[in-house]
Amino acid sequence: MAQVKYVSATRVYTKDAPPAVDALDLDVKDGEFMVLVGPSGSGKTTALRMLAGLEPLDGGRVEIGDRDVTFVPPKDRDIAMVFQNYALYPQKTVAENMGFALKMQGVHKDERARRVQEAARLLDLDDQLLSRKPKALSGGQRQRVAMGRAIVREPQVFLMDEPLSNLDAKLRVQTRSQIAELQHRLGITTVYVTHDQVEAMTMGHRVAVLSGGKLQQCASPRDLYENPINEFVAGFIGSPSMNLQTVPLTDGGVKLAGTVLPLPGPIAGAAKAAGLSEIVLGIRPEHLHLANGSGELPGDVILVEELGADALLHVRLAAGGDPVVARAEGRRPPALGQHVTFNVQPDDMFGFHPVTGARLAG
Amino acid sequence: MTAMPVRPVTRDPRRFREMSGRAGWGVLAWIVAIAFFIPVLWMVITAFKPESAAETWPPQFIFRPTLAEFRLVFSGWGPFVTHSVIATVGSTILVLLLGIPASYALSVYPVKRWRDGLFFVISTKMLPIVAAIGPLYVIAVHTHLLDSIWLLIILYTAMNLPLAIWMIRSFMLEVPSELLEAARLDGAGRIREITGVIMPIISPGLVSTALICVIFAWNELFLALNLTVTNAATMPMFLISSVPQEGLYIAHLSAAATIASIPVIAVGWIAQRSLVRGLSMGAIK
């Protein structure tokens with residue numbers, strides 16, 4: 001077990017383009033489950049591959065357990081990786097797949113069989129599956145074999161590159177909790193890449209949000225949700241995502257839906273200090289509270305998405321602008337076309353710089 | 001459940017046209033196939049004829065089959081077939097031994113200027129072999145390899161290697177890169193990566209490559225004819241020697257040709273499935 005450290009690690013694919021990973025600084029603690037999340041092209045997979053040694057660094061360094069591994073070949077880094085498409089050797093049986101790394105290390109046959117069995121038991125893989133070829137397995141079983149191949153090695157660090165993206169929705173949720181539980185039990189430092197923010201929030205001890213090759217914010221899921229550092233993180237974390245609207249500043253607040261919303265002091269102060277005439281106002285869907293005709297923000301419902309427990313209302317606010325999404329109780333949501341009003345607690349409002357996207361005060 | 005309307009199968013004119021169209025293509029395919037096969041069949045039939053009945057007009061379809069010509073072939077083919085087997089098997093093994101690492105260096109782990117390398121490899125096939133035979137002869141004389149089986153092994157290897165490299169390379173490009181990365185993480189070195197991961201996956205491709213090398217080497221005549229006499233003369237040379245200066249020889253030649261084509265057909269038949277899989281690898285994913 002070991003901690004992992006990126007020190008201004010940089011990867012440039014093509015000279016003229018911006019770096020795929022731009023001076024990444026990240027500390028992963030010993031035994032921590034770190035999730036790298038971001039949209040496609042954000043550099044999260046490249047960052048993982050740099051740690052694996054599959055991608056050379058154009059600057060900076062990578063450390064595993066205080067050892068600089070920047071120029072160490074993949075096999076000597078004492079890591080194991082689970083690939084998105086599992087990358088199981090098609091001609092080898094499940095047992096041979098899981099034991100291949102041990103065989104390469106020269107581990108004795110009996111010891112190999114013992115450790116493969118142990119990993120199989122850990123993952124609920126039947127003994128009879130061990131003699132099958134990957135082709136004869138279901139998607140979920142293949143995923144578990146790929147996990148098993150990583151576990152058998154007892155590495156210092158697990159690397160996982162979107163290991164759940166090839167599973168169907170139900171299995172994905174199931175496997176998600178299994179992996180989190182397994183990681184907790186084994187206590188092995190894990191770096192996990194995903195584009196799915198729900199996966200990131202539910203699995204990670206800490207989540208690193210990347211965009212355009214740059215680390216935006218690295219914090220616990222709760223912290224990311226409550227204190228996003230900028231507009232990108234605010235919009236990326238949370239589902240459905242935060243409503244972000246550019247609104248003009250007025251005396252005593254901002255103008256939204258034809259009314260003046262009082263701004264919390266810190267945001268107003270920061271906006272004033274920056275000399276802004278408008279800000280990006282962020283309100284999460286769950287913080288738009290339906291009020292029976294007496295709310296501050298009036299609008300018309302243009303779409304209702306029923307989710308069972310709750311319903312998502314797409315509302316066009318009075319005085320135009322992009323529609324906003326509000327989370328309402330599922331049992332008796334307003335009907336399509338209905339006129340509704342919302343209340344917002346000042347504490348639930350976020351303000352961002354319209355140009356830089358940086359969080360205003362807070 | 002909704003009831004499907006029952007369609008009259010034969011009355012539907014569109015369907016009828018479709019089916020008759022398909023039948024038409026089938027008939028055409030058969031005609032072409034038979035046209036290709038008849039000369040071969042005729043050769044085999046002729047091989048069983050007595051020499052006197054082999055070259056008559058109109059051709060005889062009813063005759064008393066005889067194995068006399070085959071007996072004659074078997075009495076004289078010994079050294080020729082031995083040379084052919086050695087030259088074919090030897091060169092094919094060498095082609096694979098050299099071609100697999102070469103393809104690896106031109107695909108999975110491309111060396112610097114791999115494009116130039118690839119072009120150079122295929123460019124060696126652009127020179128007509130006739131243009132090279134003079135120098136080859138001189139070299140063979142100086143290296144004391146004239147009329148030696150080693151010369152044929154070397155030349156057949158050189159002859160087949162470019163094609164083999166191009167084929168194996170295209171198969172290797174099909175191997176998913178994640179698999180190779182997984183192998184690298186698992187601690188496999190280059191050799192292990194090739195033998196343990198790549199080769200099992202592209203084995204149908206390797207079989208078809210080997211088969212094509214076998215066929216080309218087995219049927220090669222020009223080099224054998226010009227550079228060997230007795231010590232390394234191959235089956236195609238045996239066929240030529242089956243044609244005497246005078247007298248009838250069609251039945252004898254047919255018997256020899258039938259025998260000479262059996263190994264290639266047999267190998268092709270056995271490897272049929274992997275040949276089709278290998279040659280169409282990449283076409284389907």
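In which sense do strands β9(A) and β10(A) pair, and over how many bridges? The pairing is antiparallel, over 5 bridges. The legends below describe close-up views of a predicted model.

**View 1. The hairpin of β9(A) and β10(A).** Strand β10 covers residues 214-219 of chain A, and strand β9 covers residues 206-211. The hairpin formed by β9(A) and β10(A) has 2 residues between the strands. Gly212(A) lies in this turn and has a positive phi of about 55°. Ser211(A) has Lys214(A) in β10(A) as its bridge partner.

**View 2. Pairing of β9(A) with β3(A).** Strand β3 of chain A, residues 33-37, runs parallel to β9(A) and is joined to it by 4 bridges. Val209(A) in β9(A) is the bridge partner of Val37(A).

**View 3. The two faces of β9(A).** In a regular strand, side chains alternate between the two faces of the sheet. One side of β9(A) carries Arg206(A), Ala208(A) and Leu210(A), and the other carries Val207(A), Val209(A) and Ser211(A); all are buried. Because 6 of the 6 residues of β9(A) are buried, the strand is largely enclosed by the rest of the structure.

View 4. Glu162(A) sits in the loop between β7 (157-161) and α5 (169-186) of chain A. Its relative accessible area is 9%; buried means under 20%, so Glu162(A) counts as buried. A polar contact of 2.8 Å links the side chains of Glu162(A) and His195(A). Beyond its neighbours within four places in sequence, Glu162(A) is in contact with Lys44(A), Gln84(A), Val193(A), Thr194(A) and His195(A).

Note on methods
Residues are numbered from 1 along each chain as its sequence is written. Chains are lettered from A and ligands numbered from 1 in the order in which they are written. This is a predicted model: local features need pLDDT of at least 70, side-chain atom pairs count only at pLDDT 80 or more; totals for chains, interfaces and linings use all residues. Side-chain values use heavy atoms; hydrogens and water are left out. Buried means under 20% relative accessible area, exposed over 50%, partly exposed in between (1.4 Å probe, protein chains only). Two strands pair if DSSP finds at least two bridges between them. A polar contact is a pair of N or O atoms within 3.5 Å; within protein, one must be able to donate a hydrogen and the other to accept it, and residues adjacent in sequence count only if both atoms are side-chain atoms. Contact means heavy atoms within 4.5 Å.
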